[in-house]
Amino acid sequence: MSIAKTHAKPEPYLLAGEFWHGVRDSLPVALSVVPFGLTCGVMGLTVGLTFLETVSMSVLVFAGAAQFISMTMLGAGITAFSLIVLTTLLINLRHLLMGASLAPYMARLPMPLQAVLAFGLVDETYALIMNRILVKEYSPGYQMGCNVNFYLVWVASTAAGVFLGGYIPDPLAWGLDFALPALLMALLIPRLADRPSYFACIVSALVAVLGALYLPGKWYIIIACLAASAVGGFMEGESSSAR
């Protein structure tokens with residue numbers, strides 16, 4: 001008696017259609033980071049970095065806040081590698097929370113793909129991905145499309161900032177730095193659909209403002225995230241118990 005062998009069809013992790021949906025949805029959001037990329041390029045020249053060094057930082061690091069603080073430290077004469085790494089780590093602690101919230105969806109993916117997707121995760125792509133999960137379902141192809149789009153826009157705008165540095169000494173003087181927080185708010189507000197989400201938003205806003213006023217560095221970001229998670233989890237638990 002022969003036993004027929006069946007082969008499971010490999011899961012298409014990165015569907016082309018989902019990838020292009022991610023590119024399409026993220027394009028308007030990605031354009032909002034152009035002023036910051038231009039500023040990054042200008043700032044690199046200001047602190048004494050070469051064109052190659054400035055653009056390479058965007059290519060290899062791809063983290064606006066970390067790049068700005070690193071350049072500021074280099075411009076101030078701080079060249080200790082360990083100190084720069086520790087400072088940027090503290091600034092980007094919020095990525096631990098973003099990664100943890102996406103872990104249940106990404107855990108089934110191959111490890112190399114997880115690493116690539118994690119590298120491209122920034123605040124804006126995270127907001128788009130979570131919105132996609134709430135509306136439909138998680139898609140690694142969609143996340144890759146968002147990531148690639150943001151990555152290319154960031155690197156290209158950094159390079160443009162280096163080339164145009166003599167003509168635009170301070171792109172943020174245009175007031176376009178307000179576009180990014182306004183954009184994130186626009187992505188957040190439609191998702192506030194119940195009492196737990198409203199309370200979590202209010203608590204995180206209050207904690208963030210108070211923390212920014214009275215705490216050193218960027219600790220208010222991680223503390224506000226933890227406070228919002230605790231309040232949201234507590235209220236969700238109460239709602240489940242009531243049912």
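User: What makes the charged end of R132 count as sitting over the ring of Y142?

Analyst: The charged end of R132 is 5.1 Å from the centre of the Y142 ring. A charge sits over a ring if NZ of Lys or CZ of Arg is within 6 Å of the ring centre and within 35 degrees of the ring normal. This is a predicted model, in which local features need pLDDT of at least 70 and side-chain atom pairs count only at pLDDT 80 or more, while totals for chains, interfaces and linings use all residues. Side-chain values use heavy atoms, without hydrogens and water, and residues are numbered from 1 along each chain as its sequence is written.

User: Why is Q143 called buried?

Analyst: Buried means under 20% relative accessible area, exposed over 50%, and partly exposed in between (1.4 Å probe, protein chains only). Q143 has 1% relative accessibility, so Q143 counts as buried. Q143 belongs to helix α9; helices (H or I, at least four residues) and strands (E, at least two) are DSSP runs, numbered from the N terminus.

User: Which residues is Q143 in contact with, leaving aside neighbours within four places in sequence?

Analyst: They are L102, M106, L117, L121, I129 and Y138. Contact means heavy atoms within 4.5 Å.

User: How do you know that the buried residues of α7 are on the same side?

Analyst: In α7 (residues 111-119), the buried residues are L113, Q114 and L117. They cover an arc of only 105° around the axis, so they lie on the same side of α7. The arc is that of the directions from the helix axis to the C-beta atoms. M111 and P112, on the other side of α7, are exposed. The cover over the buried residues of α7 includes α6 (94-106) and α9 (140-163).

User: Why is the pair of F51 and F163 called tilted?

Analyst: Rings of Phe, Tyr and Trp (its six-membered ring) pair if their centres lie within 6.5 Å; planes under 30 degrees apart count as stacked, over 60 as edge-to-face and the rest as tilted. By this rule there are six aromatic pairs. For F51 and F163 the distance is 5.1 Å centre to centre, with 45° between the planes, and the pair is tilted. F51 is in helix α3 (residues 51-60) and F163 in helix α9, 112 residues apart. F163 is exposed, because its relative accessible area is 62%.

User: What makes the pair of F62 and Y151 edge-to-face?

Analyst: The ring centres of F62 and Y151 are 5.2 Å apart and the planes are at 80°, so the pair is edge-to-face. F62 is buried because its relative accessible area is 7%, whereas Y151, at 21%, is partly exposed.
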